Amino acid sequence: MSNYHFKRIFVIVMDSVGIGEAPDAKEYNDKGADTLGHIAEKMNGLHMPHMEKLGIGNIKNTAGIEAVDQPQAHTGIMEEASHSKDTMTGHWEIMGLHIKEPFRTFPDGFPKELISKLEQETGRKIIGNKVASGTEIIKELGGEHMSSGALIVYTSADSVLQIAAHEDVVPIEELYDICEKARAMTYESPYMIGRVIARPFIGQPGAFERTANRHDYALKPFGRTVMNELADKGLDSLAIGKISDIYDGEGVTESIRTSSNNDGMDKIIQTANRDFTGLCFLNLVDFDAKFGHRRDPLGYGKALEEFDERLPDLMEECRREDVIIITADHGNDPVHHGTDHTRELVPLLVYTPAYTPGNDLGVRKTFADIGATLADNFNVKRPENGTSFLKNITK
């Protein structure tokens with residue numbers, strides 16, 4: 001028996017699975033956005049029986065998913081308090097931060113002086129320099145890159161500088177070194193870019209394929225998070241998927257990489273078979289990267305159903321001293337205009353076998369309520385933001 005109410009808390013971020021427009025969605029040009037709802041409509045109903053039992057249908061009226069009388073999980077809705085709708089801001093807020101200034105984006109490409117400096121630092125020319133889909137730009141410029149050795153640089157609606165290179169043209173270690181140089185020159189004003197991302201690929205023109213050797217170089221969080229407090233106390237803060245990249249390793253005691261949503265579920269189930277005390281934090285990026293940004297509602301829906309199929313495997317490993325928290329970091333409505341994230345409410349599902357059926361956790365005014373609950377449970381310094389719901393899930 002641990003000295004804490006719950007010995008292990010698993011947090012799963014279903015990247016971009018929003019559940020309807022946030023109160024301030026109009027300010028972000030996202031009126032009417034509804035990631036989960038619109039996917040369910042396109043699928044003619046989602047088949048997610050395990051999430052249904054947990055209570056996702058009690059949070060949101062969703063085609064194919066019913067509300068249940070006694071949900072297995074405590075259920076609620078969270079609003080994002082920070083002034084943004086990107087991955088880093090959402091995750092940082094989950095662990096207790098409040099970001100007032102959104103990261104800078106580059107809808108017209110990066111300034112010439114930055115591109116020139118990057119060319120000088122790396123000794124390679126740069127092609128691209130525009131907003132683009134990662135798969136489409138390597139189709140367009142991959143052949144030229146292979147013949148010239150020039151780096152493919154592009155951005156998106158997010159605050160990212162992405163560098164794509166063929167692994168046979170630019171070795172992985174060189175690409176990582178290039179990204180570290182780019183990170184160093186974009187860390188502060190006037191650029192303040194949220195993430196620099198290495199995007200290696202393989203194959204031949206007409207058949208390029210991105211590899212699992214992606215690596216994110218993020219800004220460090222602008223303050224201490226609950227993860228820092230856990231690690232400093234000697235507790236586990238296990239990061240699965242791109243979590244360590246998002247926090248630039250801050251507060252991470254162990255980083256476990258993944259290649260897909262399914263691999264992420266494999267890794268969290270394997271971790272649940274270990275003995276640890278503290279946090280296990282998983283991001284499932286495929287929802288966002290493979291389906292949201294590519295505006296593929298049917299692929300997104302299938303991925304949601306596949307996630308649902310894996311949930312029992314994790315729940316079976318869940319002990320009475322465990323909690324599973326399922327949420328999201330923003331929306332990415334695949335039927336919305338453009339290819340950007342969408343400003344949405346996110347679900348909050350909190351499952352523990354020790355306390356069922358679940359309670360209604362209401363509408364939480366910040367994602368930081370999760371971080372506050374973690375701090376409350378593990379008796380570490382609480383973040384400045386957020387209200388713990390620990391008492392609501394232990395009765």
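**Rings, strands and an annotated site**

Biologist: Is Phe-6 buried or exposed, and what is its relative accessible area?

Modeller: Phe-6 is buried, a term for under 20% relative accessible area, with exposed over 50% and partly exposed in between (1.4 Å probe, protein chains only). This is a predicted model, in which local features need pLDDT of at least 70, side-chain atom pairs count only at pLDDT 80 or more, and totals for chains, interfaces and linings use all residues. Residues are numbered from 1 along each chain as its sequence is written, and side-chain values use heavy atoms, without hydrogens and water. For Phe-6 the relative accessible area is 1%.

Biologist: Which residue forms an aromatic pair with Phe-6?

Modeller: The structure holds 12 aromatic pairs, counted when ring centres of Phe, Tyr or Trp (its six-membered ring) lie within 6.5 Å; planes under 30 degrees apart are stacked, over 60 edge-to-face and the rest tilted. The pair in question is edge-to-face, with 6.3 Å from centre to centre and 80° between the planes. The partner of Phe-6 is Tyr-355.

Biologist: How many residues apart in sequence are the parts that this pair ties together?

Modeller: Phe-6 lies in the segment before strand S1 (8–14), and Tyr-355 in the loop between strands S13 (346–351) and S14 (360–364). Helices (H or I, at least four residues) and strands (E, at least two) are DSSP runs, numbered from the N terminus. Tyr-355 is partly exposed, at 23% relative accessible area.

Biologist: What is the angle between the ring planes of Phe-201 and Phe-208?

Modeller: Phe-201 is buried at 0% relative accessibility, and Phe-208 is buried at 16%. Their ring centres are 5.1 Å apart. The pair is edge-to-face because the angle between the planes is 75°.

Biologist: How many residues of S1 are buried?

Modeller: Arg-8, Phe-10, Ile-12 and Met-14 point one way from S1, while Ile-9, Val-11 and Val-13 point the other way. Residues on both sides are buried. S1 is therefore largely enclosed by the rest of the structure, the buried count being seven of seven.

Biologist: Which residue of strand S11 is the bridge partner of Phe-10?

Modeller: S1 pairs in the parallel sense with strand S12 (residues 322–327) over six bridges, pairing being assigned if DSSP finds at least two bridges between two strands. Val-11 has Ile-325 as its bridge partner in S12. S1 also runs parallel to strand S11 (residues 278–284), to which seven bridges join it. There, the bridge partner of Phe-10 is Cys-280.

Biologist: Where does Arg-195 lie, and what is its relative accessible area?

Modeller: Arg-195 is in strand S6 (residues 195–204). Its contacts (heavy atoms within 4.5 Å), leaving out residues up to four places away in sequence, include Asp-158, Arg-183, Asp-216 and Lys-242. Arg-195 is buried, with a relative accessible area of 6%.

Biologist: Which peptide bond is cis, and what is its omega?

Modeller: Most residues other than glycine have a negative phi, and most peptide bonds are trans. The cis bond runs from Thr-356 to Pro-357, and Pro-357 lies in the loop between S13 and S14. Omega of this bond is near -5°.

Biologist: What is the phi of Arg-295?

Modeller: Arg-295 lies in the loop between helices H11 (286–292) and H12 (297–315), and counts as buried at 17% relative accessibility. Met-192, in the loop between helix H7 (172–185) and S6, has a positive phi near 45°. The phi of Arg-295 is also positive, near 50°.

Biologist: What is the largest C-alpha distance within the set that UniProt lists for "binding site"?

Modeller: The unreviewed UniProt entry lists Asp-288, His-293 and His-341; such annotations use the numbering here, have shortened feature names and may be inferred rather than shown by experiment. Although spread over 54 residues of sequence, they cluster in space, with a largest C-alpha distance of 8.4 Å.

Biologist: Where is His-341 found, and what is its relative accessibility?

Modeller: His-341 is in the loop between S12 and S13. Apart from neighbours within four places in sequence, it is in contact with residues including Asp-158, Asp-288 and His-293. His-341 counts as buried, with a relative accessibility of 1%.
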